[in-house]
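This report goes through sheets, helix packing and salt bridges in turn. Please keep the structure open while reading.

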Amino acid sequence: MEEEFDELKSQNSFDIKALAFRALNYWYLFVITLGIAFVVTYFYNKRLERIYRIESLISIKEEQNPFFSSSMNLTFNWGGASDKVETIKTTLKSRAHNENVVRFLQSYIHYKVDGAYRLEDIHTNAPFVASLDEAYPQLINTPIKIVFKDEQNYTASINFTTSEAFSGLKYKQNEAVAIVPEGEVYTGDFVMNTEAKTPYFKFALTPRADIQIKIGQPYYVYLTSLNSEISKYRSIGVSLKVQGASMLVLSLTGPNRAILADYLNMTTEILTAKQLEEKNQFATNTLAFIDKMIVGVEDSLRKDEQKLKQYKQDNKVFNPTAKGEEVFAKLNQYSIEKNAYVLELEYYKLLENYLNKSTDYRSLPAPASSGIDDPNIVNNVSKIVGLSIRRAKLSETVKNDIFFKEIDQDIEATKRVLLENVKTARASTNIDIANVETRTARANAEFRKLPEEEQQLFNIERSYKISEASYTLLLEKKNEAGIVKAANVSDVKVIDSAKDLGQGSISPNTNKNYSVALFMGLLIPLGFVFIVTLLDNNINTPEDIKKLSNIPILGIVSRSRGETNLVAFERSKSSVAESFRGIRSSLQYIYKNLEKDKTKTVLITSSVSGEGKTFCSINIASVFSLTGKKTILVGLDLRKPKIFGDFGITNEIGVVNYLIGQKEMEEVIQHTKYDNLDVITSGPIPPNPSELLISQQLEEFIKELKLRYDYIVLDTPPLGLVSDALDLIAHADATIYMVRQDYSKKAMLNIINDKYKKGEVNNISFVFNDYRQKAKYGYGYGYGYGYGYGYGNYGNGYHEEERRSLLSRLTKPFKRK
């Protein structure tokens, strides 16, 4: 049972070594497929559009204002550095930001020329600039061909056969409209610097400085949609240069390096300006608030100044008394203090109304603009403005309200705290105003004791001084805010700007494509060889026989290139003849247990016709006769007789005639021209060959031959087709079972294996015929049988060279195996 399992396992195993050597035999197939793969890849790489990668480097850092102080609290910060970096990353990928950049650069206008395989974008190398009427519907996604007749006149044409539907776009409104062509081709003549208006476009071409127009060369204006350009650039790469650092690498990929560099630089420039604008928002709001208040104070100051001058001229009063000066100084001081408190109350009222009635707090003025330095109010105003700006920026990229929940809660909480701060501060300010009014009342009592003219002068001067002080305070705060705004710098700083330095392309990856070509060029023929090997049911090597059967191999016969089967006689020095001499020697080991003078018989059979059974029978008989022993070759294949043709004899009489009693032994034996070798052909084809071969006459026939000859060679029918040979094995001392390379099927050995296991056949051996020692199978067997092959140059001089024509050697790899 274990032996059967081992045999089955050996039959089902796949021979990797055989696959490798078979692949070597198909080397020409590998060369062809690799050549095709590399040629296809070469043209594929050449036709693919080159894609480049351009980068720039920026840093994100909170730049503190050098003029910032606690008394000039007009700037604010929110969040940390990482929060600022994340905000910048989000902004760079936002639609709003990229739309600003696309519109500024007019990235939707492309200038192209004919390339080897496609229209190539020449960007700023175009000799003209197209100025679009962005309120007019412009044809998009269809090239407008421009051909200059001279430097001032050009022809514009559009081919409408390239598509079935066409659309236009009003860039100002970003509104798409349908365009219906009036014909297959549109053509029109226009003049430079003059607006060209057609049903499909409306623009003016102006010459670009320092670039010469090539007369007659086709240029193309290609317009794309605003949304497609924005979507394309929103894929901008934004990554940290170093983890944890506030440096960002911006990158873009595309077919034109100059376009990519311009876009990266412009996106950074617009981002820098936007960041600075947001940073100045607090100062800008403060300046607007101060300017509004200055208008009223300036008018009061002008009126009080005129009134004071008029009073002094009319009443000739120029030098008030010392007592009046003292009282006036007190009243003036008290008025200035009260006015400052009133200004604070006005700010609190404005702030409270703004918080209660508005939802966008980005425009809140700074508390310092009204002289307020309460840290709670200053910090909370800064906080709520910062949160509002963050929310506004987030709304540019996020549309789902769920993302605003947390920040809205922070704004609402800050608002409630700020309203409480305002309520507390207003109460405190009212107390301060009451104290000032009490002191003012005491000073007024003293003031009423002064002369009436002096009182009137002091009242006018006091009003003037109050207006002057208010005006001075507002100018001071305005200057502070202006200084802070002027000194602010953007938190975005360019470290490396994007530049077109002729960077190499990142796509197509030619090395990768050639690697794929190499892989496919090897895989396809290897797959073919694998399938051929997998589906190959033929016996190809002696190792196959060893795996399939326990029956020993008696010998191996290489392919004969002779014109007849008489190799042992006609080409006695050939490797084939030597193979049969080796088989003769091996048979002697089988015969050693027989009596020395006893006639030896050998039966030769096979699985099917065509495996070299007759060829082997003739030559085994021939090599026995060459030893001087009387040898008879008997044709027992009664259904398909063959052995007579090579010896120049006929098949008119033979074994059949003897078995049916028509002829005597002497009459059926035919002598050949070779010494010690006689032949008995099968004779006429009988209607009952099987019955004749198991008859008593056959036994008598064999017995009589044994009395006459030293060696009897029986050429029998194929065992796999008829059972005749099995019946004849009983008459043989040794049985040779022929297996032909690339011809015999593996399954054909099952019959003889079964007979051998059951003990129905003995002294049986395989002869492997028609063997070609080649790389196809990878086995260079140098069996020690002296068969004259497998020794390379060491066999020179011992065997005849089998010469082939030059043509046959050149065409050998392409012949069907």
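Two strands count as paired if DSSP finds at least two bridges between them. Helices (H or I, at least four residues) and strands (E, at least two) are DSSP runs, numbered from the N terminus. The model is a predicted one, in which local features need pLDDT of at least 70 and side-chain atom pairs count only at pLDDT 80 or more, while totals for chains, interfaces and linings use all residues. Residues are numbered from 1 along each chain as its sequence is written, and side-chain values use heavy atoms, with hydrogens and water left out.

**The eight-strand sheet**

Strand β19 (residues 631–635) and strand β22 (residues 711–715) are joined by five bridges and run parallel. Within this pair, V634 sits opposite L714 in β22. Both strands belong to an open sheet of eight strands with mixed pairing, in the order β17-β24-β23-β18-β22-β19-β21-β20. Its edges are β17 (553–558) and β20 (670–671), each of which pairs on one side only.

Helix α17 (residues 613–625) packs on this sheet and touches β17, β18 (600–606), β19, β21 (677–680), β22, β23 and β24. Contact here means heavy atoms within 4.5 Å. The direction of α17 makes about 170 degrees with that of β22. Axes are lines fitted to C-alpha atoms, for helices over the stretch in contact, and angles run from 0 to 180 degrees between N-to-C directions. Helix α23 lies across β23 and β24, and runs at about 160 degrees to β24.

Another open sheet has four strands, ordered β14-β15-β1-β16, and its pairing is antiparallel. Strands β14 (237–240) and β16 (492–496) form the edges, each pairing on one side only. From one strand to the next, the twist averages 30 degrees. Eight bridges connect β1 (residues 52–60) with β15 (residues 247–254) in the antiparallel sense, and E55 stands opposite S251 in β15. Helix α7 (residues 257–279) lies across β1, β15 and β16, at about 20 degrees to β1.

Strands β8 (residues 166–170) and β9 (residues 175–179) run antiparallel and share five bridges. G168 has V177 in β9 as its bridge partner. Four residues lie between the strands of this hairpin, where N174 takes a positive phi near 55 degrees.

**Helix packing and a buried asparagine**

The axes of helix α5 (residues 95–105) and helix α6 (residues 226–233) come within 9 Å and cross at roughly 115 degrees. On the α5 side the contact uses R95, N98, E99, V102 and R103, which meet L226, N227, E229, I230 and Y233 in α6. By class, this contact has four nonpolar, two polar and four charged residues. Ala, Val, Leu, Ile, Met, Phe, Trp, Tyr, Cys and Pro count as nonpolar, Asp, Glu, Lys and Arg as charged, and the others, Gly among them, as polar.

N45 is located in helix α3 (residues 27–47). N45 is buried, with a relative accessible area of 3%. Buried means under 20% relative accessible area, exposed over 50%, and partly exposed in between (1.4 Å probe, protein chains only). Leaving aside residues up to four places away in sequence, N45 touches R50, P508, T510, N513 and Y514.

**Salt bridges**

The whole structure contains 25 salt bridges. A salt bridge is a side-chain nitrogen of Lys or Arg within 4 Å of a carboxyl oxygen of Asp or Glu. Three of them are listed here.

| Pair | N to O distance |
|---|---|
| K546 and E543 | 3.9 Å |
| E704 and R708 | 3.4 Å |
| R772 and D742 | 2.7 Å |

R772 lies in the loop between β24 (764–771) and α24 (806–811), and D742 in the loop between β23 (734–740) and α23 (749–757), so this pair ties together parts that are 30 residues apart in sequence. R772 is buried at 13% relative accessible area, and D742 is buried at 18%. Salt bridges that share partners join R559, R740, D742, D770 and R772 into one network.

K546 and E543 are three residues apart in helix α14 (residues 542–548), and therefore separated by about one helical turn. K546 is partly exposed at 46% relative accessibility, as is E543 at 23%. E704 and R708 lie four residues apart in helix α21 (residues 696–708), about one turn of the helix. E704 is partly exposed at 23% relative accessible area, and R708 is partly exposed at 29%.
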